[in-house]
Amino acid sequence: MAKIAIIGGGGFAKEVIEVAKMQGHDIVGIFALENSLKEYPYLGYLEEAVTKQDEYDYLHIAIGAVNAKGMQNRKKILEFIKENNLPLISLISPKADIGEGVKIGDGVYIGHRVIVSCDSVISDGVLINQGAVIGHDCKIAENVSIAPLVFLGGNVAVEKDVMIGVRATIRQGVRIGHNSIVGMGSIVIKNILPNSTTLQMPSKIYRQ
Ligand SMILES: CC(C)(COP(=O)(O)OP(=O)(O)OC[C@H]1O[C@@H](n2cnc3c(N)ncnc32)[C@H](O)[C@@H]1OP(=O)(O)O)[C@@H](O)C(=O)NCCC(=O)NCCS
């Protein structure tokens, strides 16, 4: 059991805290611009994590990303933590299913009902949200954010700082270039170049 300070005080932090508690950890407080989770002590801005290291054993980033701006924010936070050698812990739901030979870095979050299949590599700061399926031998680079119910076939490579939106489906063997956004519901069948955004056909109003 460890003393964990959470970075982020919004809705996603509630999900992260739930997983941390299921793993038997103690939540000692929140670093954030503002804290909406009043039941936990507010520890100040993230910068204060450097001087308040005696108050926690580990940090965990609990700020989700729904677009490019959010991804840049997560990237900056992860860089700050690494530059200052602050300790990061991975939080993995006991309800997730992690296959044989899977390697998981530091500061990774894996939510309920996620499946990560055999021999996949999940790098530092990756977020895999509820119900996502990661096939065998996938390589997920640093600070990738995977939304709920995403499906990655086997041998998919996702480069750094990519966000994959809800229910996107990625064909086996495909590579997603760094800094890309895969929009909600996209079906990706070919490699995606870096810095791209993909969108699937949106629904349209048929009758009103
Ligand atoms: C791809 C995404 C980041 C684009 O967001 P954005 O840059 O704010 O774009 P906008 O909402 O301004 O939309 C721009 C255009 O793309 C269309 N569009 C946006 N997202 C789309 C999607 N996923 N599929 C199809 N079309 C989409 C919009 O209708 C709009 O079209 P228009 O200009 O013809 O009206 C966003 O839609 C998305 O998919 N985010 C992921 C959300 C998610 O997974 N959340 C879960 C968090 S747990």
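Biologist: How many Å separate the centres of domain 1 and domain 2, taken over C-alpha atoms?

Modeller: This is a predicted model. The domain assignment gives domain 1 as 3-63 and domain 2 as 90-197. Taken over C-alpha atoms, their centres are separated by 24 Å.

Biologist: Which element supplies the largest share of the side of domain 1 that touches domain 2?

Modeller: Eight residues of domain 1 are in contact with seven residues of domain 2. On the domain 1 side, α1 (11-22) and β4 (58-61) each supply at least two residues. The largest share is five residues, and they come from α1.

Biologist: How many residues of the side of domain 1 that touches domain 2 are nonpolar, polar and charged?

Modeller: The side in question has eight residues in contact with domain 2. By class, they are five nonpolar, two polar and one charged.

Biologist: Which are the edge strands of the open sheet?

Modeller: Five strands form the sheet, with parallel pairing. Their order is β7-β10-β13-β16-β19. An edge strand pairs on one side only, and here these are β7 (103-104) and β19 (175-176).

Biologist: Which residue in β13 is the bridge partner of Val121?

Modeller: β10 covers residues 121-122, and β13 covers residues 139-140. The two strands pair in the parallel sense over two bridges. In β13, the partner of Val121 is Lys139.

Biologist: How many charged residues are in the shell around the ligand?

Modeller: The ligand is surrounded by 16 residues. Among the closest are Ala147, Gly165 and Met184. The shell has eight nonpolar and eight polar residues; the charged count is no residues.

Key: Residues numbered from 1 in each chain as written. Predicted model: local features only at pLDDT ≥ 70, side-chain atom pairs only at ≥ 80, totals over all residues. Near = placed C-beta within 6 Å. Nonpolar A, V, L, I, M, F, W, Y, C, P; charged D, E, K, R; others polar. Pairing = 2+ DSSP bridges. Helix = DSSP H or I, 4+ residues; strand = E, 2+ residues; numbered from the N terminus. Domains from an automatic or database assignment. Contact = placed C-beta atoms within 7 Å.
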